[in-house]
Amino acid sequence: MKKIKVNLTLMGLALLSWTSCSQKAQDDAAYHSIKPGQVWLDTNGNPIQAHGFQVFEQDGVYYWYGENKEFTTLGSNVWTWGIRAYRSTDFYNWEDLGLIIEPDTVNATSPLHFSQTLDRPHILHNPRTGKWVCWIKSMDTDGYFVIMQADEFTGPYEYVRSLKPEGFGVGDFDMYCDSETGQGYVWFERPHCELICAELNNDFTGVTEKYSVHFPDQHVPYTREAPSHFYRDGKHYLFTSGTTGYTPNPSRVCVFVDYHGEYTDLGDPHINDSTASSFCSQITSVIRIPGKKDLFVSLADRWLPQLAGTQIPRERAKWYEQEFKDHKAFDRDYTAPQVKDKRDMVRDEWETTKDATYVFLPVTFDADGKPTIEWRDEWRLEDFE
């Protein structure tokens, strides 16, 4: 018996030692800062796959969700393999929650089939109904929204409808629920000519007839897309991108007080951006960090990391300008969108986004209140008050 006890004790010490080493390895692997543009691993050691994404905070927990691009490889017919979500308590280390919206792998004409060009999921909590409502852009000739809802953020989500709001085709978009009024809003590019702000209906599954047009009569690559909204000190701001596909381009920022009033262009927020590419990224979301005095963070995709530091974005912008010089706005279409079979469409070099990374950078404000974004190789939340 004594010998067995000794062996068990040694086994226990060995197990304790292994556990301590394992925990130390995990601690050593944990992130303690943000390094924009570098590969970011989740707590399982896998690259984070949530692109065209949004991040929000609730009860001390951050949630990050977006397009799962793990199978979007050169020559494949996969555009987005469902919507993936992560959570974190420190903004650095993210736990994989898995797919909160699964792809349809059987029916090619399902709006959720992996070959459908689904982009930029936005999920709003409706204070009236208690539902979580998800809108996803489906690119087509002129695009439409796929709308779903669930009782919980993590799902399961049920398909509600596909929609062209007020008959408009849609491009990249953002959504917002006004905390004071409970009114919901959606900003979307009308391909490829103007930006529209429309009011959501009561259950957030459609729009009302009230909308406004902003930055009209633009043409690619100057059309404003990828609006990313935030609110500060009584003013609303939108970061927007030009229109050059996954190739990055210069951003603009505008400010307004009235959702349907004048939007004042404040110029490019990126300071010393020598490649005119928003630091080789496209902003998709902005979050205010709770507990900090005035810390906002711009959250962006670096869709094609191989272009960082090159002049290719400038060259591609010129190509887009020529390619779309005769583009006219699509006619408004009030019929229900029809899903096309896209299984034969395969990813080319400009659509291969499996290895896309992320660019998270703090937003500062100059003396005139203009939001600015400066490159930082590494930074921490703790660096700010």
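Colleague: Which exposed residues does the face of α2 turned away from its buried side carry?

Modeller: Lys318 and Gln322. Bear in mind that this is a predicted model.

Colleague: Which are the buried residues of α2?

Modeller: Pro313, Arg316, Ala317 and Tyr320. Buried here means under 20% relative accessible area.

Colleague: How do you know that the span of α2 agrees with its length?

Modeller: Helix α2 covers residues 312-323, which is 12 residues.

Colleague: Why does Thr89 count as exposed?

Modeller: The cut-off for exposed is over 50%. Thr89 has 63% relative accessibility, so Thr89 counts as exposed.

Colleague: Where is Thr89 found, and what is Thr89 in contact with?

Modeller: Thr89 sits in the loop between β3 (83-88) and β4 (95-101). Leaving aside neighbours within four places in sequence, Thr89 contacts Gly60, Val61 and Tyr62. Val61 is 28 residues from Thr89 in sequence, yet their C-alpha atoms are 4.9 Å apart.

Colleague: What makes β13 and β16 edge strands?

Modeller: The open sheet has four strands, in the order β13-β14-β15-β16, with antiparallel pairing. β13 (225-232) and β16 (264-267) each have a single partner strand, so one side of each lacks a neighbour in the sheet. The twist averages 25° from one strand to the next.

Colleague: How do you know that β14 and β15 pair?

Modeller: Pairing needs at least two bridges. Six bridges join β14 to β15, so the pair qualifies, and the two strands run antiparallel.

Colleague: Which residues touch the most other members of the largest nonpolar core?

Modeller: Trp64, Phe91, Trp94, Val297 and Phe360, out of 37 residues. β19 gives the most to this core, with six residues. Apart from it lies another core, of 20 residues, including Ile123 and Trp132.

Colleague: What is Trp64 in contact with, leaving aside its neighbours within four places in sequence?

Modeller: Among them are Trp40, Phe53, Arg84, Trp94 and Phe360.

Note on methods. Residues numbered from 1 in each chain as written. Predicted model: local features only at pLDDT ≥ 70, side-chain atom pairs only at ≥ 80, totals over all residues. Heavy atoms only, no water. Expected span 1.5 Å × (residues − 1). Buried < 20%, exposed > 50% of the residue type's maximum accessible area, 1.4 Å probe, protein only. Core = buried A, V, L, I, M, F, W, Y, C linked by side-chain atoms within 4.5 Å. Contact = heavy atoms within 4.5 Å. Axes fitted to C-alpha atoms, helices over the stretch in contact; angles between N-to-C directions.
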